[in-house]
Amino acid sequence: MRRAERESFLKSFGVFFLSLSLLSGILAYLYYLKQTHEFQEKVYSEMQLCSYTLKCEEYLLDFVELEPKKLYRLMEDGGELFAHFSIPKNDKYALKLSLERDKYQKYLQDIKITVLKQYLLALLALTALSLLFSLYALHPLRNALRLTEEFSRDILHDLGTPLAALRLNVSLLHVMPSDEKKIKRVSQSIDTIASLGDNLRSYLEGHACQKEEIDLLELLKERVALFEKLYPNITFSLNASTLLLEANHDAIVRIVDNILSNAAKYNKIDGFVKIDIDTKKKTLRIEDSGNGMKNPKMVFDRFYKEQERGMGIGLHIVKKFCDALKIGIELESEISKGTVFMIHLNNVVRG
């Protein structure tokens, strides 16, 4: 079950189960009150009969001062259930019949246990019903995800041929030196589109689930060497020691590439990107001298962007991969001063 499906399933199950459990709890309480009321009515009927025959084995007999307001009423005081009845030709005393406190509490406890057992059985039935309902509710979501993935795969497949043709044609162009910058921009645009395709392909294929040993230092050297060629006006510095990870190689590459791409793309002329690995804290720190971000808390949202360039999905995919790998990621950013990404690798460090 995929993450979106699992989240949908748990939320559907939780809402359905909690709603029905709450409703069942209210009905169980009302049923308890009803059973208690019926028991009290039964006791009062027996007391009425006993007041005539005086043959009372379960009830205690006593004589109290006559209080007309209390006659022929079932009352409860201090856990004791009792009623007053008049005595023929006696205006001073009344007959008091009462059910012992211990017996009364035992009857109530028996009612509670019976209702609780019935409520627990109802909860078991509701659990099964909630599971079936939640699984049934997943079908539309699964179909939608399947159609979306099929559409995305078709787009990726169709993009491959024109991108390959563009790369080939650009490499074959013979241009004047003054046009080299334009060709470089075209090449960078092609690389950006290809990178987006790689992001989407990695996400669709669930690479985060496949683990392998990764030397983070070597991986960073390779990626930095690539970005130094793409952005020669940006100074990349790598201050790191070897750190072995156990994670998916493609997922880590996608995380690093997207962050480095943003750091370089939205940097200042002759700016810098600093990359540090702290082997003790098991963190990867990437700092840039770029434009900074107005709303750092929103940069991981899908399609959110603060610049005209880009599609606003790069950092969203970074967050998706980090969540899939259980990697913590946070950032600090200040307008005109730059951005710092901090990636916590504790859960994927080998050993």
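Author: Here are a few labels, each set against the rule behind it. Please keep in mind that this is a predicted model.

Reader: Why is H84 called buried?

Author: Buried means under 20% relative accessible area. H84 has a relative accessible area of 6%, so the word applies. You will find H84 in strand β3, which covers residues 80-87.

Reader: Which residues does H84 touch, leaving out those up to four places away in sequence?

Author: They are V64, K70, L71, Y72, R73, M75, L95 and K96. To count as a contact, heavy atoms must lie within 4.5 Å.

Reader: What makes C50 and C56 a disulfide?

Author: The rule asks for two cysteine sulfur atoms within 2.5 Å. In this model the S to S distance between C50 and C56 is 1.0 Å, and they are joined as a disulfide. The structure holds one disulfide, and both C50 and C56 are buried.

Reader: Why is the disulfide of C50 and C56 called right-handed?

Author: That comes from the torsion about the S-S bond, which is about 65 degrees, so the disulfide is right-handed.

Reader: How do you know that the length of helix α6 agrees with what a helix should span?

Author: Helix α6 runs over residues 314-325, twelve residues in all, and at 1.5 Å a residue they should span 16 Å. The end C-alpha atoms are 17 Å apart, which agrees.

Reader: Which residues of α6 are buried?

Author: They are G314, L315, H316, I317, V318, F321, C322 and L325. Take C322 as a worked case: the cut-off is under 20%, and C322 is at 0% relative accessibility, so C322 counts as buried.

Reader: Why do we say that the buried residues of α4 line one face of the helix?

Author: Start with the list: L216, L217, L219, L220, R223, V224 and F227 are buried in α4. Looking down the axis of α4, these buried residues fall within an arc of 150 degrees, so they line one face. They pack against several elements, including β5 (212-215), α5 (249-265) and β9 (283-288).

Reader: What makes D215 a cap of α4?

Author: A side-chain oxygen of D215 lies 3.1 Å from the backbone nitrogen of L217, and D215 caps the N-terminal end of α4.

Definitions and conventions: Residues numbered from 1 in each chain as written. Predicted model: local features only at pLDDT ≥ 70, side-chain atom pairs only at ≥ 80, totals over all residues. Heavy atoms only, no water. Buried < 20%, exposed > 50% of the residue type's maximum accessible area, 1.4 Å probe, protein only. Helix = DSSP H or I, 4+ residues; strand = E, 2+ residues; numbered from the N terminus. Arc of directions from axis to C-beta. Polar contact = N/O pair within 3.5 Å; in protein donor to acceptor, adjacent residues only side chain to side chain. Expected span 1.5 Å × (residues − 1).
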